[in-house]
Structures are given as C-alpha cells and as structure tokens.
Amino acid sequence: MDPDLALLLNGIVSGLLLGGLYAAAAAGLSISFGMLDVVNIAHPAFMVLGALLVALLWGATGIDPLILSVLLTPAFWALGAAIYVVYHHFFERRGDEAIQGLAFFFGVMFIIEVGLVLAIGPEQHFADAAYAGITWRLGEIDLPLRMLVPALVAFAAIGGLALFLRRSFTGRAIAAVAQDREALRLLAIDPVRIKRLAFGISIAMAALAGGALVVVQPVDAWSGHVFIGRVFAVVIMGGLSSLGGCVLAALAFGVVENVTASFYGPSWSPAVAFGCLLLVLAIRPQGFFGRVA
Amino acid sequence: MEGLSRRGLGRAALAAAITVPATVPATARAQTAPSGPPIRIGYSMSLSGGLAGNGRPALIAHRIWQEDVNAKGGLLGRPVELVHYDDQSTGAQVPGIYTKLIDVDKVDLVISGYATAIIAPAMPIVMQRNMTFVSLFGTGANNDFKYDRYFSINPAGSKVKETFAKGFIDLAMAMEPRPRSIALVNLDSDFHQRTAESARYLAREAGLRIVYDRAYPPSTVDFSPIIRAVQAARPDVVFVGSYPPDTAGLLRAASELRVNFQMFGGPMIGPHITAQKLQLGPILNNLVVWDVYAPEPTLQFPGTQALIEKYQPVAAREGTDALGHYVPPLAYAQMQVLEQAVKRVGRIDQAALAADMHASTFETVIGPLKFDALGEWTEERNLYTQYQGVQGNGIDQFRKAGTQVILYPQRYKSGDLRKPYTAGA
C-alpha cells in the first residue's frame, strides 16, 4: 500500500477511535447542556472523578475498568441528582441559572479537583485493562484495543441511552422538558423531577466516560481541562440536544484532529478542528442535527 | 615522664580554663538544641495543580533537611523554620506569595518552588528586595534577568543549546552502524523548545539529517498519529521531549505501532515518576532518558542513600512519589547550598551569601556543585540513562542498581547502550 494512503487510512481509523472517547465524554453533556439547558462546565471533572475512582477500585480489585465504571453509574446518578437539587433550589428556581449557575458549576469543578488532590494526591493514576496491550492488524490498519474497546462501550451506552430517550415515556419527557416544561405539567409530570432524573443520567454517563478515559491514558485531577473545550464544541457542533449529532460531531472532531496531526503536524490539530466547528456554525448554526428555532 | 608540680598543675588548670570555652562549647553547641528566634526560609511550592506531583516530594525533602539541620543544632545556633504557601502550580500566584513572604512574614531567606514556570514570576520581587535566591529545576530562568544573586539547582548548566542533548547525540553517533537521520518530537513548552533546539543544533553539527521536526500542543490526547508520522519518515534515532501524560501516550502508541528505532528517547519526563515506571514496565526497556539521578553505584555521594531511605517511608505515608529519585535529591541539595553558605558567612547577609555562593564549592547529596556568573552549574550534568531488563510492573526492580543504567557522562557511566528500542516487543 502507498505509504501516504496507509497514513491517511490509519489517521481516519485512529480518529474514529478517538472520536469514540470524545463521544463518551460529550454524551452526558449533550443531555445536561443540550436538553436541560444546564451549563455544566464541571462535566469533564465528573468524568475525571469517575476515572480516578475506577483506577482506585481497579488497584484494589483488579476488575476490568469499564465494568467498574458501569458499576459506578448508580452512585454517580445519585450524585448528579443531588447536585441538581442544590442547583435548582439556589439558582434555577430563582431564574439565576445563567451567570450564577455557571459560577456554581465552576465552583463544583474546583471542589472536585482540589478534593481529589487532598484525598488521593496529585499524581497520575492508571488502570491497565487486560486487553490494553493488544493491537489488531487489518492489513496496514492498526486497531489498538486500548482505544477500540472504550469506543465500542461508549457507542453501546449512547445507543442504549438514545433508545431510552426515544422509546420510554420518561425518556420522551426528558426530551420534552427542554422544549416546553409547562406542557409537561399539563401531563401531570413534574418537570423538576424529570430534570433531576436526567441530570443524574448525564453524570452517570460521566462515570462511564471516566472508565473509558482511564483505559486510554493515565489520569490526574486536572485531566479534565483538556476536554472542556472539546466536549462543548462537540455538543454544539452536533446540534445540542441530539445524541446522534453528538456522536457524529465527536467522530468528525477525532478524524480531523488525527488526519491533520498525521500530515501537517500535531500543532495544527486543535486549530483545524475548532476551525471546522466555526465553519459548521457559519453554514449550519443549529449544528448537524439541531432544529431551527 | 615529667612529674606534675603544683605550678604545673596550676598551668594546666589555666590552660584548661582558656581552651575549654573555646573548643568544648563549640562542640556542645552543635549537639544541643537550637535556641533563639528561628531562621525563616520562605518559598512558594506547588502542592496542588499540575506541578504538585513534583512539588510535594520536594517539600518532603525540605522537611527532612529541616529535621536534619535542627537535630544538628540549627543554623547559627538558631532553629530553622520553613514558611511556604501553595502556589497551585500557577505562576500568577507567585509574585503575591513572595511579596507576603518578604514584606509581611519577614522571612530571612528565600528559595524557589519547583520548575521554571514558578521561578520566573518570583524573580522581579526577589530582585527588588535584593534577596539571594536558590532555585529548583529552572532552565534558563536567569538568562534574561542576569541577576547576580540567583543560583540554580538544575543540572542543565548555562549553555543549554550546546550541551543539553550532547549526551544523546554522542551516544547515537557512537553506534555501529552510525545513524544517518534523526526525528525530533517535542511538547510545545518552554523547556522542551530549548531541549529540541539543542538536539537540532547538535544533530546538524554531527551531520545527521533531520527527517521529522514537529512540536505538539499540550492538549494532545491521541499520540498514535505522531508516532505513525515519525515511522513514515524512517529515522534511525528519535529524540523526544515530553511531560508525564504525553510520555505515557507516546510510549503506549510506540508499543501499539511496533516501533523499531536504533535509539529512542530524550527528555521524556514521566518514567522519573514512580507511578509511570510501574505502569509502563517492559515498554521502558532500552528507552534512553534524560535524568538527574539514578540509583547506580557510580552516582552515590555522602548522604544520598540516607536521604532516599528517610524519604520513602514519609512518601508512603503521604501518598506521593514512592521512590523519590527525581526531585528530592535536588530539593535537599537546594537547602544544603543555603545551609553551607550561611554557615560560612556566619550571619544573614544577602550580599555576603551571594558572594560566598559564587566563590565556593558545595558538597551536596548530588555531588559537588559550583556556580558560574549566571548562577548555573559551572559543569553541566545532564545524565542520559537507559532502562534495561525491566520485567513486569514491580517496584523493587527500580530500587536497585542495573535497572536504570547511566550511559552518559562517562564519569558516571554504569552500563552500555542496548539497541534497538522496540517498546517492549
């Protein structure tokens, strides 16, 4: 195979796998930011919290990190629901959710990071999955399981979540709450309860993303900073409330980053990827799958 | 034997009365507890944020030094007190911290926290107050200030471009067959730009063809496109400058892509930290890494082993870097330089301390040190080491000699280069 073609194909494939990680990181935010209109800037910090808990549990039990992250999801759901209760009581209920709400989640982010340092130290933590050292070869295409397995788990989780949102009554209520909360009241549904449930789900997704992250790379308390810009860009590019759009945007982001890094150097990757975001917003302001207001 | 007369006894008593106060109390002073107001040493230290992984071990080394020096009677007979604040790894916090230390806390001496990003913001404050300043792991921090009371505990020396990568390039050019091409990969940061510049300069001097020369941003998540592009350029040797999260990503990608380079490494900061050593395990085999210390018999100085033995139980209790081979020896040496200068000068006099530091040689746990006009070491000591025979992920193999052998410089050499680097394959 022509070396440049092999480089291109590997860039695309590795970009798709990287996109799987971005999709995992962004899916929860797609619910909180896209559907509930809660600007949870601390979402990547919750992901890192999940990752570090998974690393600690992996060190103690040796259970696969992704299984551990699934086991953590109920606790993270409860944590998310509790945080939403506080957020709603002090900000949303009073209509102060815009700037004060943003400041609240900034505060939550710093509390998580400093709390992690105080509790488990500033060092990097890791969890070695049994398959992390294995790479499948398809001709000249490399498929490292360190990237492939987390991506597949992320896609499965997002697929299940999309089915829940589309098929179940509660899921449809979650999708509806962002559009017209008063209409929900007419159906005898408490929009606050629905938002509490949905925010819990978004934080539970952060736990899953944490499991994926710690398989891909070692993690410290500040590892989430790298993802803040990316996950918001992915959610906006995907069309805010669309999980399908979020996945597509995440894959596009990964591919653009890795193909650019392969041919033009890694310094250009973020500039080109965020340039594409601007281009998408210029041509299609509502994102890939967003509806025009 | 001459008998003792009464006159003789009287002379002896007189002699004893004269000599005993001059000698015995000096010895007694050194063994008794220090007294009087403490000598206060102030600094910022990164105890949270991205630099805390090295800031916390540095602080443990400082505390060990404090206990050691106070147990020996303190400095000038006074106890030593450390006054430090967490700079949160943020340079913007540092000027305020040093202003408070000097103007409000009225510390007697100042030193730096860990790394150039923290040292540089402290310089203007320290210079305004004419304080003597001993820094830790700063690379070229005084190049622009040219402050004559600045002293650096960092082995890079003042001629970074000419010397930093010399060990790596010399080792490469000594291989058979001689390499003809090199790839340069570095993080887009101040330190790694300087190290890459050195590698670029010395590679050209050696006649090596540079086939790949790119920096990557700190936000990089996936390193496989970089390694794949380096592979496509087909270099014989690869010089990489990276920080811990990136180092793990680069080496993981190298392993997944089955690299095979005659020589691979450079200032890849990462395996210096115990957790990453354990995580990477056999992937480290044959990796050539710039370092400041390795537990090899050729690099033992008075106090080195004692420091490591005191450090490790404390680190285990406090949950920080387990082995302490990277920052703690240099952090302890930072305090030894201050201690020896104060003892020689005999008082807290910033000008006299700086003059003494420029004039003297210091005996430290990392060997003898002497400073040049810029406050850097007169003799650079960039170590190039190689991990050899790493098996599994156990910690004990990294405690003993032979796992991280020193290849360069010749005077500390403890093993021979093994090639190629195949990322554990």
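This is a predicted model: local features need pLDDT of at least 70, side-chain atom pairs count only at pLDDT 80 or more; totals for chains, interfaces and linings use all residues.
Local features need pLDDT of at least 70 and side-chain atom pairs count only at pLDDT 80 or more, while totals for chains, interfaces and linings use all residues. Residues are numbered from 1 along each chain as its sequence is written, with chains lettered from A and ligands numbered from 1 in the order in which they are written.

Chain B meets chain A through 36 of its residues, which are in contact with 31 residues of chain A. Two residues are in contact if their C-beta atoms, placed from the backbone, lie within 7 Å. On chain B, the elements giving two or more residues to this side are α2 (52-71), β7 (209-216), α8 (224-233), α9 (244-256) and α10 (274-280). Helices (H or I, at least four residues) and strands (E, at least two) are DSSP runs, numbered from the N terminus. The largest share, 7 residues, comes from α9(B). By residue class, the side of chain B that touches chain A divides into 15 nonpolar, 13 polar and 8 charged residues. Here Ala, Val, Leu, Ile, Met, Phe, Trp, Tyr, Cys and Pro count as nonpolar, Asp, Glu, Lys and Arg as charged, and the others, Gly among them, as polar.

Chain B is divided into domain 1 (39-155 + 301-370) and domain 2 (161-291 + 388-412). These bounds come from an automatic or database domain assignment. The two domain centres, taken over C-alpha atoms, are separated by 29 Å. Domain 1 of chain B gives 8 residues to the contact and domain 2 of chain B gives 9. On the domain 1 side, these residues divide into 3 nonpolar, 4 polar and 1 charged. An unreviewed UniProt entry carries the annotation "domain: Leucine-binding protein" over residues 38-372 of chain B. UniProt positions are given in the numbering used here, feature names are shortened, and annotations may be inferred rather than shown by experiment. Over residues 38-372 of chain B, the chain is 44% helix and 19% strand. The end C-alpha atoms of this stretch are 31 Å apart.

Strand β1 (residues 39-45) of chain B pairs with strand β2 (residues 80-86) of chain B in the parallel sense, over 7 bridges. Pairing requires at least two DSSP bridges between the strands. B:Ile41 has B:Leu82 in β2(B) as its bridge partner. From β1(B) the chain crosses through α2(B) to β2(B), and this β-α-β crossover is right-handed. That is, with the strands pointing away from the viewer, the path from the first strand over the helix to the second runs clockwise.

Two residues of chain B other than glycine have positive phi. B:Ser89 has phi near 60° and lies in the loop between β2 and α3 (94-104) of chain B. B:Ser89 counts as buried because 24 C-beta neighbours fall inside 10 Å. A residue is buried if 20 or more other C-beta atoms lie within 10 Å of its own, exposed if 12 or fewer, and partly exposed in between, with C-beta atoms placed from the backbone. B:Ala115 has phi of about 90°. B:Ala115 lies in the loop between β3 (109-114) and α4 (116-128) of chain B. B:Ala115 is also buried, with 26 C-beta neighbours inside 10 Å.

B:Pro121 is placed in helix α4 of chain B. With 20 C-beta neighbours inside 10 Å, B:Pro121 counts as buried. Leaving aside neighbours within four places in sequence, B:Pro121 is in contact with B:Gly91, B:Val94 and B:Pro95. B:Pro121 and B:Thr403 are 282 residues apart in sequence and 38 Å apart in space, C-alpha to C-alpha.

Helix α6 (residues 166-173) of chain B is largely enclosed by the rest of the structure, because 6 of its 8 residues are buried. The buried residues are B:Lys166, B:Gly167, B:Phe168, B:Ile169, B:Leu171 and B:Ala172.

Cis peptide bonds occur from B:Tyr408 to B:Pro409, with omega near 0°, and between B:Lys419 and B:Pro420, with omega about 0°. B:Pro409 lies in the segment after β14 (404-408) of chain B. B:Pro420 is also placed in the segment after β14 of chain B.

In chain A, A:Ser30 lies in helix α1 (residues 3-35). A:Ser30 is buried, with 31 other C-beta atoms within 10 Å. Beyond neighbours within four places in sequence, A:Ser30 is in contact with A:Val235, A:Gly238, A:Leu243 and A:Cys246. A:Ser30 and A:Leu240 are 210 residues apart in sequence but 5.9 Å apart in space, C-alpha to C-alpha.
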